[in-house]
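Me: I have a structure open and would like to go through it with you piece by piece. Could you help me read it?

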Amino acid sequence: MTTADLALRYAAIRDHSVALVAPLSAEDCGAQSMPDASPAKWHLAHTTWFFETFVLEAHEPGFAPFNPAFRVLFNSYYNGVGAKHPRPQRGLLTRPSLQEVLAYRADVDARMARLLPAVLQDQALCALIELGLQHEQQHQELLLTDIKHLLSCNPLYPAYGDAATVEGGLAIAPATAPLGWLPLDGGLVEIGHAGGGFAFDNESPRHRTYLAPFALASRLVTNAEWVAFVEGGGYQDPVHWLAEGWDWRGAQNLDHPLYWQHREGGWHRFSLAGLQPLQAGQPVLHLSYYEADAYARWAGARLPTEAEWEHAAHRAAAPGADGGGGAGLEQLFGTAWQWTQSGYAAYPGFRVAEGAVGEYNGKFMVNQYVLRGSSCATPPGHARATYRNFFPATARWQFTGVRLARDL
């Protein structure tokens, strides 16, 4: 990669974040709908904070912060950097204004542009900038999921984008065939990042693991199939639910997925295009781990492990592969993050990186589950078979869905 290539990539990713807020008002950008979500303005500022704090502060001659107060305001969870503004109170930051945040971005981008010509001579610095760009792409998806949750709280059900599309510009393809099963022999397989190209630290080291023979569903569970679960009493029968999930469902008084509403004419769901009739063939979205696990039990199946999912994804991508049994795998990427039954933990031999950047993934390896694939909101080029996303079992506001598995 040349300096010009890196500069173009940096500019394209940074510009895309700003483009994502173009349909929003300043009021939209400052509001926070729940503690797990962040205002769009905060996302724009925090991703800029990353480059100012981790790149410019250490490498820019004569460094001076754009605003010293931003070091605390826009620190997310890096305890090694210092104090943080409380996450649930990000929506109370009416100052700085959206315009000042955009000015902050422009200032840091100009300073980064002056630094980039020297970057390729420093492999560690180049890797750090790449991490910052991948980090920004993660926040681009979070920005969309957070703004969707915010707009869903408005009784006017406003659209973020063009109502002619399912998710305001995010293409969600319906299933193209009845659900089939891809059988796999299992055995001793390798998973994890094999080198070549970017990967987060939690995708390594590559290692061997044993898989018993299993089968993976050819596609994701659809809205129509989930309606059958809802109307068949799936949310009312504890036999399908983990004990903790059943208690959570009861405390939340849940009987359908997030963003669903039953209105005259049938089921509807809120999307980034506003409130829309439920499309039967599209994959069901915005499910918690508890819901995904309960459905799998109800359907006489289970959730895959992350090793099963990755092994099947590699097999599906192999030259000439037809799915190994006549059935291919649809919707692996670009539709919905897919829950696995695997707890988020370190791979054998994993070591946390030194310094504050080492807090990126390792310290979250407890009480969360791994999701695989990518969603309709994941930026192009950001997904890969070894990617390990992770959320707690109650998380619903991400674009999460279900792919079934079963033993052979």
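Me: Which residue in β4 does tryptophan 181 stand opposite?
Reply: Tryptophan 181 stands opposite alanine 217, which belongs to β4. Please bear in mind that this is a predicted model.

Me: How many bridges join β1 to β4, and which way do they run?
Reply: There are 4 bridges between β1 and strand β4, which covers residues 214-217, and the two strands run antiparallel.

Me: And what sheet do they belong to?
Reply: They are part of an open sheet of 3 strands, ordered β1-β4-β12, with antiparallel pairing. Its edge strands are β1 (181-184) and β12 (405-407), each of which pairs on one side only, and from one strand to the next the twist averages 25°.

Me: Which residue of β6 is opposite tryptophan 260?
Reply: Arginine 269 in β6 is the residue that tryptophan 260 stands opposite. Strand β6 takes in residues 266-271, and β5 pairs with β6 in the antiparallel sense over 4 bridges.

Me: Staying with α9, how many of its residues are buried?
Reply: Helix α9 is mostly covered, with 8 of its 10 residues buried. Just after α9, glycine 300 takes a positive phi of about 75°.

Me: Switching to aromatics, how many pairs does the structure hold?
Reply: The structure holds 34 aromatic pairs. In one of them, tryptophan 248 and tyrosine 290, the ring centres are 5.6 Å apart and the planes are at 45°, so the pair is tilted.

Me: Why would you say that pair ties parts of the chain together?
Reply: Tryptophan 248 sits in helix α8 (residues 243-252) and tyrosine 290 in helix α9 (residues 289-298), so the pair ties together parts that are 42 residues apart in sequence. Tryptophan 248 and tyrosine 290 are both buried.

Me: What about tryptophan 337 and tyrosine 387, how are their rings placed?
Reply: They form a tilted aromatic pair, 5.4 Å from centre to centre and with 55° between the planes. The pair links distant parts of the chain, 50 residues apart, since tryptophan 337 is in strand β8 (residues 336-343) and tyrosine 387 in the loop between β9 (369-374) and β10 (389-391). Tryptophan 337 is buried, as is tyrosine 387.

Me: Threonine 386 is in that loop too; is it buried or exposed?
Reply: Threonine 386, which lies in the loop between β9 and β10, has a relative accessibility of 7% and therefore counts as buried, as the cut-off is under 20%. Leaving out residues up to four places away in sequence, threonine 386 touches Gly192, His193, Glu203, Glu310, His314 and Arg372.

Me: Which residues does leucine 131 touch?
Reply: Setting aside residues up to four places away in sequence, leucine 131 touches Phe50, Phe198, Phe200, Val357 and Tyr360. Leucine 131 lies in helix α6 (residues 123-152) and is buried, with a relative accessible area of 13%. From leucine 131 to valine 357 there are 226 residues in sequence, yet the C-alpha atoms are 9.4 Å apart in space.

Me: Last one: Tyr10 is in α1, so which residues of α5 does α1 meet?
Reply: Tyr10, Arg14, Ser17 and Val18 in α1 meet Leu102, Arg105, Val108, Asp109 and Met112 in α5. Helix α1 (residues 3-20) packs against helix α5 (residues 98-115) at an angle of about 180°, with the axes 12 Å apart, which means that α1 is roughly antiparallel to α5.

Technical notes
Residues numbered from 1 in each chain as written. Predicted model: local features only at pLDDT ≥ 70, side-chain atom pairs only at ≥ 80, totals over all residues. Heavy atoms only, no water. Axes fitted to C-alpha atoms, helices over the stretch in contact; angles between N-to-C directions. Parallel < 35°, antiparallel > 145°, perpendicular 65-115°, else oblique. Contact = heavy atoms within 4.5 Å. Pairing = 2+ DSSP bridges. Phe/Tyr/Trp six-rings, centres within 6.5 Å; stacked < 30°, edge-to-face > 60°. Buried < 20%, exposed > 50% of the residue type's maximum accessible area, 1.4 Å probe, protein only.
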